[in-house]
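Trainee: Could we go through this structure together, one step at a time? I would like to learn how to read it.

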Amino acid sequence: MKKITNASYTVEAVLIMNITIFIIVAIIYMGFYLYDYNRIWANTDIIIQKSNELIRKEADIISGKINYNFLNNRLIYWRFLEVSYNLKHVINDFAIDEIGKGLFITKVNSVLSEVSNKKITIKIAAHSQIPFMEVKKLFLSDYSIATVIEIEKNIYDPTEFIRNYDAVKKMAGNIDGIDKNLRGLQKLLEKVGE
């Protein structure tokens, strides 16, 4: 006697496995996308920190070595001068080299950096390359996964502020009546520091 079995289990398993595999692939690509997005932010933060050191201390952007001769010989009001074209070019080249490191599915299309003595702005345009159209639908409705990030940070140098304050205090110490104003300024700074 032959036993007859139903094939409904096989058909159901085929349908469920297709959906399960699709969901697993979508989750994996979502993880890649989120990793790349966070990696771009982290790389941009590193670029801004190193650029900040380059502008403030004339440090080498890759190794971080500080040029102390430059620091000792620079003018007291250097912050009012424009950042040189050479420094802007070094920062932009460094940003282009560093921003795409360690990315899985994202390709960086453009990097634009704007640099002054007071702030650094980096704009990044990137595009994630996901091969499955159905997985792309999960991310955005227009099927393109473009990422535009703009980070702007101010350059703050507390040691330079103290240096300038000491220089002004020494110059102002020779002027009559300035002690009263300096004491008022010192009280104000102490209140701000609390």
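Predicted model: local features only at pLDDT ≥ 70, side-chain atom pairs only at ≥ 80, totals over all residues.

Trainee: Is Thr121 buried or exposed?

Mentor: Buried means under 20% relative accessible area, exposed over 50%, and partly exposed in between (1.4 Å probe, protein chains only). Thr121 has a relative accessible area of 4%, so Thr121 is buried.

Trainee: Which side chain makes a polar contact with the side chain of Thr121?

Mentor: A polar contact is a pair of N or O atoms within 3.5 Å; within protein, one must be able to donate a hydrogen and the other to accept it, and residues adjacent in sequence count only if both atoms are side-chain atoms. At 3.4 Å, the partner of the Thr121 side chain is that of Glu152.

Trainee: Where is the place of Thr121, and with which strands does that element pair?

Mentor: Helices (H or I, at least four residues) and strands (E, at least two) are DSSP runs, numbered from the N terminus, and Thr121 is in strand 2. Two strands pair if DSSP finds at least two bridges between them. Strand 2 runs antiparallel to strand 1, with 9 bridges, and Ser110 stands opposite Ala125. Strand 2 also pairs in the antiparallel sense over 9 bridges with strand 3.

Trainee: Which residues have the most contacts inside the largest nonpolar core?

Mentor: A nonpolar core is a set of buried Ala, Val, Leu, Ile, Met, Phe, Trp, Tyr and Cys residues joined through side-chain atoms within 4.5 Å. The largest one has 22 residues, and those with the most contacts inside it are Ile40 and Ile122.

Trainee: How many helices and strands are in the protein chain?

Mentor: From the N terminus on, the elements run α-α-α-β-β-α-β-α-α. That order goes with 6 helices and 3 strands.

Technical notes: Residues numbered from 1 in each chain as written. Heavy atoms only, no water.
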